[in-house]
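I opened a new structure today and kept notes as I went. Here is what I looked up.

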Amino acid sequence: MSDRLINNIKLYLYFFAVFIFLSLIYSYSKNIPLILTLKSVLYGLLIFIALNAVDLYFYIRVKHSFNNPRIDILFAFYRLVVKLFLLVFCCWYCFSFFELNNKIVIISFVIVVIFKVLIYVKYGVNEQK
């Protein structure tokens, strides 16, 4: 594995551990069960991982598409549709069948996406200079 990938994984784990700690403190102060909060945070992370798996799958498909612009645009459209469908399905499934804290699920997903953008800005933009 490359050093960049290992650094990104370390940063994700660090930021997410801090977020879990802060959400557990919040739930303790509001008398929300800690297990419920932990399950909600982990489900938000699971949604993030599922969406990144879709990104990886379509990245590999486009990489082997023989540099055809039509196929690249088609795969970009499919990726968007599949990611939106997966996001809506995961949120619907979470809110309908599990007794999770909906706010914490959404906030944990949004926080991890923000971490992804921050890591991209820190490493992605600096490598182009």
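**Notebook: a serine and some charged pairs**

I began with serine 40, which touches Leu100, Asn101, Ile104, Val105 and Ser108, leaving aside residues up to four places away in sequence. I am working with a predicted model. I placed serine 40 in helix 2, which covers residues 34-63.

Is serine 40 buried or exposed? I found a relative accessibility of 0%. Buried means under 20%, so serine 40 counts as buried.

Next I turned to charges. Side chains of opposite charge can pair when their charged atoms come close. How many salt bridges does a search of the whole structure find? I got two.

I noted the pair of aspartate 55 and arginine 79, whose side chains meet at 3.4 Å, N to O. This pair links distant parts of the chain, with aspartate 55 in helix 2 and arginine 79 in helix 3, residues 69-97. They sit 24 residues apart.

I then noted aspartate 55 with lysine 83, where the closest N and O atoms are 3.1 Å apart. Here too distant parts of the chain are linked: lysine 83 lies in helix 3, 28 residues from aspartate 55 in helix 2.

I checked accessibility for these residues. Aspartate 55 has a relative accessible area of 16%, so I logged aspartate 55 as buried. Arginine 79 has 33% and is partly exposed. Lysine 83 is also partly exposed, with 25%.

My last entry joins the pairs. Asp55, Arg79 and Lys83 are linked in a network of salt bridges.

Terms used: Residues numbered from 1 in each chain as written. Predicted model: local features only at pLDDT ≥ 70, side-chain atom pairs only at ≥ 80, totals over all residues. Heavy atoms only, no water. Helix = DSSP H or I, 4+ residues; strand = E, 2+ residues; numbered from the N terminus. Buried < 20%, exposed > 50% of the residue type's maximum accessible area, 1.4 Å probe, protein only. Contact = heavy atoms within 4.5 Å. Salt bridge = Lys/Arg side-chain N within 4 Å of Asp/Glu carboxyl O.
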